[in-house]
4 protein chains.
Amino acid sequence: MNKSRIEAFSDGVLAIIITIMVLELKAPEGHQLGDLLRNWPKFLAYVISFVYVGIYWNNHHHLFVTVKRISGAVMWANLHLLFWLSLLPVLTAWAGESHFAAVPMGVYALDLLLCGVAFALLQQAIIRADPGNTLLADAVEGGLREKLSTGAYIVAALLPLFGLPGVYLSGLLLIGVALMWIVPDRRIERVLADGGRHDRS
Amino acid sequence: MNKSRIEAFSDGVLAIIITIMVLELKAPEGHQLGDLLRNWPKFLAYVISFVYVGIYWNNHHHLFVTVKRISGAVMWANLHLLFWLSLLPVLTAWAGESHFAAVPMGVYALDLLLCGVAFALLQQAIIRADPGNTLLADAVEGGLREKLSTGAYIVAALLPLFGLPGVYLSGLLLIGVALMWIVPDRRIERVLADGGRHDRS
Amino acid sequence: MNKSRIEAFSDGVLAIIITIMVLELKAPEGHQLGDLLRNWPKFLAYVISFVYVGIYWNNHHHLFVTVKRISGAVMWANLHLLFWLSLLPVLTAWAGESHFAAVPMGVYALDLLLCGVAFALLQQAIIRADPGNTLLADAVEGGLREKLSTGAYIVAALLPLFGLPGVYLSGLLLIGVALMWIVPDRRIERVLADGGRHDRS
Amino acid sequence: MNKSRIEAFSDGVLAIIITIMVLELKAPEGHQLGDLLRNWPKFLAYVISFVYVGIYWNNHHHLFVTVKRISGAVMWANLHLLFWLSLLPVLTAWAGESHFAAVPMGVYALDLLLCGVAFALLQQAIIRADPGNTLLADAVEGGLREKLSTGAYIVAALLPLFGLPGVYLSGLLLIGVALMWIVPDRRIERVLADGGRHDRS
């Protein structure tokens, strides 16, 4: 099996996810600046989700640079990741519309946790599909950032249960995790640089 | 004619179908956990349809690996398959909204049956377009899984007419067919392995 | 300039146009078969538009097989074609919702006429961008089918002004034109076969 | 890193942006010509936004022809551009629905200004990622058109504050900028012609 169609399909799904979120940002009813500004929670939720999908696209791109062989398990692990990502638009809309109420915030963080788990499973499936590919295996070893984000997502999913300050802290945690991931996986870049050129040319 | 644009177009349509289904999962009105959980039929319908579109993408990918030459008939057979798949989002929403009422369930199963028929017609068109390609012809011979699914779809389309237990059975049948297809076509993989490398490199 | 990105972008837009039309086919309110069947005009309009977009994709694919060099004018001629095609979803919904009232039918036929004109302009722009490419120039010479369709679109846009029989005739004309175009441009295929292999491999 | 996936992802997002704008052009309620014509501001806003997204796709295409090496910064600069472009559909709908009221017009022009700034930042990121690529550096030097458009966007964002004539002038300015950009960057084409062939073949 070759990887170009799985990349094309994932690019398509991620491009649609990142773009249909904007459909939830309905045009304000009134025509004054205040009508626009009153929508700030929906806009903020849109920005955060846009950045998260951007991060996943970026890391997906980096991940598949290392891939030479895929299996049926990789395909399903990839669809599993896309499934949890596909829920982001509706959960973004829910969190924004509710002005970041406790339950929508917690469910939003939970979905990000499941995306993170799905990404880790995808990495494992890729390593199992091609045991000779030590590049990725070396690169994901350790994984401090993954552990930190997993912990942060769990805390961010539970914090909103403790009233308004919890919601604020939860939001800050999710923004913090996003900032931590804006730089893509240097480990893969470094290992790739060591191991030679593995780009599709 | 070359196959890369038909693959790209199909990937695009399948990526959009799988992603716009989530637009029907509207954000709940209230902001409690109960408001989310009350939507379980829509969520379950979304999961099942997501898996079905994933299966079709997977098998479409496998099918076209074997293809070297396409014809106008292949193009229309492919569009015919995409047509029935394109109805899945609206039928998924109908089945979910109705909490799996008899008619929406039956129509949903009927559409899956028509997708299956369209896939078989596409296989035939591909074989006719390139009679020298014995790989696919060998691979689809027999086709126990196809026959089992066709039967299951027909039964699943009729069962809901027999009251609530029929609806449950119908749902179980459709989930069973999906599970049966999660592993993509081993026959093509095996024949490909025997016949050498036929991947796009 | 190379043609692969213009093809990829056009495939993307056509895939989205063909798929978002289904969003207008809202799930019926009730859960009986009658609720579904009452939507027949929307479904029929969807089928016709799906076939038309399929025809345009098909012919666009054939057209670009002949292309070796593109210019800025080709890009804009291509966007011009996509513009008129992009109106099909909303006009399809209008024609279907109105149960094929006179004005929506006439406007729908008018949009198809403009798509046809835009396709002819795109062919001209491609020929001008690469005068050495005699393949396409030979292939489009004559063009009986184009003339017939242009005439049919004009008649179909005017007929609905003459009451209900006019609407029926207009619909039949549009279906007839679609049937006439289901077979893609044999002339290009023939010329290509004569002139050697011009596929992207 | 290779550029083909960043191009594919951008093509996908731009194709979706340009196409979902049409979803805001809802089918008119009535079935008379007057019902359609009453929607002219939404249609005009759609045409202008369609042309703007077309221009950005065109220039994005030209820009990446010169690119040989990309970095993480280029990826984020590209996502930043896509972010502001992704707001066009909802702002187009707002401007059209309000029949070009002052605030929606000003915000629309502001978003176009931010798109222009993001495009300039993307050019800078590309130049920094590959300092050896003097092609683009030479091409963007000077940049009269960029300066003119930046000024025009700022004026167009402020003009609507001065009543109805300001709104008309603002609209004319935005149409003028679009016309100025319909011809893609000749400088890149010229430099490319001088510097040899840099197309993806």
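Me: In this predicted model, where buried area is the accessible area (1.4 Å probe) that two parts lose on being put together, summed over both, what share of the area buried between chain B and chain C do carbon and sulfur atoms give?
Reply: The area buried between chain B and chain C comes to about 3,000 Å². On the side of chain B, the residues B:Arg5, B:Phe9 and B:Trp76 supply 28% of what that chain buries against chain C, more than any other three residues. For the buried area between chain B and chain C, the share given by carbon and sulfur atoms is 73%.

Me: Which helix gives the largest share of the side of chain B that touches chain C?
Reply: The contact takes 30 residues from chain B and 36 residues from chain C, and the rule finds 5 residue pairs in polar contact across this interface, both partners being at pLDDT 80 or more. On the chain B side, helix H1 (4-20), helix H4 (72-86), helix H5 (88-97) and helix H6 (102-129) each supply at least two residues. The residues of that side divide into 22 nonpolar, 5 polar and 3 charged. With 10 residues, the largest share comes from H1(B).

Me: Which residue of chain C forms a salt bridge with B:Arg5?
Reply: Side chains of opposite charge can pair when their charged atoms come close. Between chain B and chain C the count is 2 salt bridges. In the one that B:Arg5 forms, the closest N and O atoms are 2.7 Å apart, and the partner is C:Asp11.

Me: By what turn can chain B be laid on chain C, and how are the two copies thus related?
Reply: Superposing chain B on chain C leaves an RMSD of 0.0 Å, with a turn of 90° and a shift of 0.0 Å along the axis. The two copies are thus related as by a four-fold rotation axis. Among the residues of chain B, the one whose C-alpha comes closest to that axis, at 4.4 Å, is B:Gly12. The turn is therefore 90°, and the relation is that of a four-fold rotation axis.

Me: In chain A, which residue has the C-alpha nearest the axis?
Reply: Chain A can be laid on chain B by a turn of 90° and a shift of 0.0 Å along the axis, with an RMSD of 0.0 Å. At 4.4 Å from that axis, the nearest C-alpha in chain A is that of A:Gly12.

Me: Do the copies of chain A and chain B meet through the same or different surfaces?
Reply: In the contact between these two chains, 29 residues of chain A meet 36 residues of chain B. Only 7% of the interface residues of chain A are also interface residues in chain B, so the copies meet through surfaces that are different.

Me: Into how many nonpolar, polar and charged residues does the side of chain A that touches chain B divide?
Reply: Chain A and chain B bury about 3,000 Å² between them, with 73% of it on carbon and sulfur atoms, and the count of residue pairs in polar contact between them is 5, both partners being at pLDDT 80 or more. Two or more residues of the chain A side come from each of helix H1 (4-20), H4, helix H5 (88-97) and helix H6 (102-129), and H1(A) gives the most, with 10 residues. The division of that side is 22 nonpolar, 5 polar and 2 charged.

Me: How far apart are the closest N and O atoms in the salt bridge of D:Arg5 with A:Glu7?
Reply: Over all chains the count comes to 16 salt bridges, and across the interface of chain A and chain B the rule finds 2, one of which may be taken as A:Arg5 with B:Asp11, at 2.7 Å between the closest N and O atoms. For the salt bridge between D:Arg5 and A:Glu7, the closest N and O atoms are apart by 3.6 Å. This pair crosses between chains, from helix H1 (residues 4-20) of chain D to helix H1 of chain A, and the distance asked for is 3.6 Å.

Me: Which helix of chain A has the lowest mean pLDDT?
Reply: Chain A averages a pLDDT of 83, with 87% of the residues scoring at least 70. Among its elements, helix H4 (residues 72-86) has the highest mean, 93, whereas the lowest, 57, belongs to helix H10 (residues 186-195). Over residues 195-201 of chain A the pLDDT is below 50, and this stretch has 12 contacts in the model beyond near neighbours in sequence. The helix with the lowest mean is H10 of chain A.

Technical notes
Residues are numbered from 1 along each chain as its sequence is written. Chains are lettered from A and ligands numbered from 1 in the order in which they are written. Side-chain values use heavy atoms; hydrogens and water are left out. Copies are superposed by least squares on the C-alpha atoms of residues with pLDDT of at least 70 in both. Contact means heavy atoms within 4.5 Å. A salt bridge is a side-chain nitrogen of Lys or Arg within 4 Å of a carboxyl oxygen of Asp or Glu. A polar contact is a pair of N or O atoms within 3.5 Å; within protein, one must be able to donate a hydrogen and the other to accept it, and residues adjacent in sequence count only if both atoms are side-chain atoms. Helices (H or I, at least four residues) and strands (E, at least two) are DSSP runs, numbered from the N terminus. Ala, Val, Leu, Ile, Met, Phe, Trp, Tyr, Cys and Pro count as nonpolar, Asp, Glu, Lys and Arg as charged, and the others, Gly among them, as polar. pLDDT is the predictor's confidence in each residue, from 0 to 100.
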